[in-house]
Every structure is written in C-alpha cells, then in structure tokens.
Amino acid sequence: ATDQYPWTALMENLAYSLSLNLHDFRDARQITTFEATENAVSDGEILVKVDKLALTANSISYGLAGKSGLIRYLDIFPATEGLANLPCWGYADIVASKHPQIEAGTRIYGFFPIASHVIMAPGEASRNGFTDTKQCRTVVPAFYNEYAFTKTEPGYAPEFEETIMMFRPLFGTSFLMQSYCEDHHFHGASRVIVTSASAKTAMGFGYLMKKNFGGKIETIGLTSSRNFDFVTQLDCFDSVLSYDDIAQIASDPTTLIFDVAGNSQVVAELHQKLGETISYSGSVGKTHWDSSRSDGAARLPGAKPVFWSGPDQIGVLRERLGISAMWQQMGHAMADFMISAHQWIEMKEACGPEPMTLKIRSMLDAEVGAHEGVILRP
C-alpha cells in the first residue's frame, strides 16, 4: 500500500520508507513496506529500526550520482519503480535478530535509507561490526555496506552522536581529498581552490590543509555572498572569496581545483580565468542539485574536469594501511575539528514523513544555512 500526501498516521509496527520521485527529488511519498515484527526476519537476518539520520549536501550528491549511474547509490535500498530511497548516514537499533553473533538491542552506525525499518543480512560479525551481504548491496564499494557497533567505537559518546553522524562521513571525504593530494604531490600545484566552501566537506578539507600544509600550499574557498561572513569566521582557508569575485584571483600559480558545488558555470569561469595553470580539476560532489556539467567542459582550457572518486582513494589507503589503521588515522585527524564544530553547529530536527519532506526540499532549494545540521527522525 502507498500513503501519499496528505500524510496519514501509520499503524504500530507497520514499516515505511520516504521514497523520492526519481525525476524530481522534491516529491516524496510515504510507502508502506512491511510489518516490522520478528516474523519479517529470516534466519541470518536482523531487523533494524532507524533512529536518526544526517541529511547533508552529500546526501543529495549520493542521489544525483545514483540517478546518473555514476555510482549506484540508489540501488542499495531498492524502491518502487519510478522512486528512489536516498541513503544517509546515521544511527539505528537492532530490534530483532536471527543472526547467531548479533544481539537485539545493539546500536549501530552506518548507511540507511530514509525509512522507519530495514532488514539486513549480516555476514560474519566482528567485535567492531558487520557487513550487510544482501545482493543489492554489491553494486557499491564495500565501505558503504559496513556497520559499526557503537559499544566498541573508539571515542563514542551518545551526546556527540548528531555531530558525529553529521561530520564523520563528510570529514572522511575531506581526509581522502587531502590524502589524494599528497599521493599525487598536488599535481604540481602550489594553490588549491575549493568551491562551495560553506559545505562541510569543504570546511574539513580547508581545515586539514591549513593544519598540515599551511604556508606551503595556498587555499582559497569560494562561496556565495550569503555564506561569506560565516566561512570567513571559520578560518579554514587562507582566503575566502564569493563567486562574484572569481575575476580577482591571480592567474600565476599552478592551481588544483576541487569542485564541491557541482556548478558547471563556476567551473567554467575558473577555467577561463586560470587557463593552463590548472593542473587538476576534480568534481567531488554536487551541492547545486539542478546544475549539471555542460558538454563543453572538455573544451575548457587547463586540465580536463574529471570526477574525483572518494571510494577509489579508500581502496588505495586500505591496500596501503589496512582498514584499522586507515580508520585510526582518519579519527585522529577529525577529533579536534569535531570538538570545534560541536560548538557552532545548530541541529534542526524533522520528525515523520511530512516534516522530513519539507527539510529535503529546503536542502534542495539551498535554504539550509551553512551553520545548520539537519537531522531526520523517521
């Protein structure tokens, strides 16, 4: 059965998903999925109740990448034809288990759809967590199918859950961006320009760059005039400019570009301004969901704009360091940034289908402030 707007109250134990129209993410539908009782769980499976999710610009990027087929994020939680289940990072509780190594009542962190409940098929569990082995999960890198038990998470504290789930995956991308730059010697550049500097991924990257390469590699954050003062106060970049000030950027230094905004017009302006001094131009994600790269991108001066893949860099680090050491390095790099971010971020909750839909629309319409963190509570 399908309940559509206006919303109706759900029966107790009746699971639902908030599925988005594949052609227009602003249109969400409440879809009844199954009866969330132990009877829904087969041997080896667990029933998970989603508690809270972080809705970020990264979430929108997952949806757009999945829609384009670039990375099949929208296939890991299958939806009714014409709809999509947007994955977000967050916390959930295992409410029923028929897996011999996993107990009901265990709290987990990982990738979830915007839904009240999910059925998972864990492989062999370790002390730290498990991997969901459902066939639909095999279409994305293994990283996205791994779930952590909070009881064994280093540094876990319930009072920091919302900050952790808001920044951990985003700062993880920031860490991977810095790692990629180091591995490639910044493609010979002495300057890095980051678009959408108010995005939390860009903030984290700027923070790491100033901490580890301050005085060696110049960082410039580009942002909207609306977010200019806020980004400047963060002190994550050597300098902050609005998109209207691209013409002021000096053309001399060799430059690496990370396009977090996904705005083809901004990328084109940078390439036209800086030309052959651009040694690398990578698209990290899309915070401007209605902007797409034009076919003319390949004809821009400088290095051809390409898609930068975080999962590829994860593969590099896992091979080099091993998974435990990789997470340890990432966690160490993130610790003081998280403490700082906890002081200024303002969390805004949306509970239930209708409020969550409105928050998703606000995110798509760029109405969520850079200082805000959006928490969805199915």
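Which residue caps the N-terminal end of α6? I found Ser309 there, with a side-chain oxygen 3.2 Å from the backbone nitrogen of Asp312. For a polar contact I took a pair of N or O atoms within 3.5 Å; within protein, one must be able to donate a hydrogen and the other to accept it, and residues adjacent in sequence count only if both atoms are side-chain atoms.

The model is predicted, with local features needing pLDDT of at least 70 and side-chain atom pairs 80 or more, while totals for chains, interfaces and linings use all residues. Numbering starts from 1 along each chain as its sequence is written, and side-chain values use heavy atoms, without hydrogens and water.

**Helix α6**

I checked the length of α6 (residues 310–321): its 12 residues should span 16 Å at 1.5 Å a residue, and the end C-alpha atoms are 16 Å apart, which agrees. The expected span is 1.5 Å times one less than the number of residues. Helices are DSSP runs (H or I, at least four residues), and strands likewise (E, at least two), numbered from the N terminus.

I then listed the buried residues of α6: Gly310, Pro311, Gln313, Ile314 and Leu317. They lie on the same side of α6, because they cover an arc of only 155° around the axis. The arc is taken from the directions from the helix axis to the C-beta atoms. On the other side, Asp312 and Glu319 are exposed. Buried is under 20% relative accessible area, exposed over 50%, and partly exposed in between (1.4 Å probe, protein chains only).

After α6 comes Gly322, with a positive phi near 90°.
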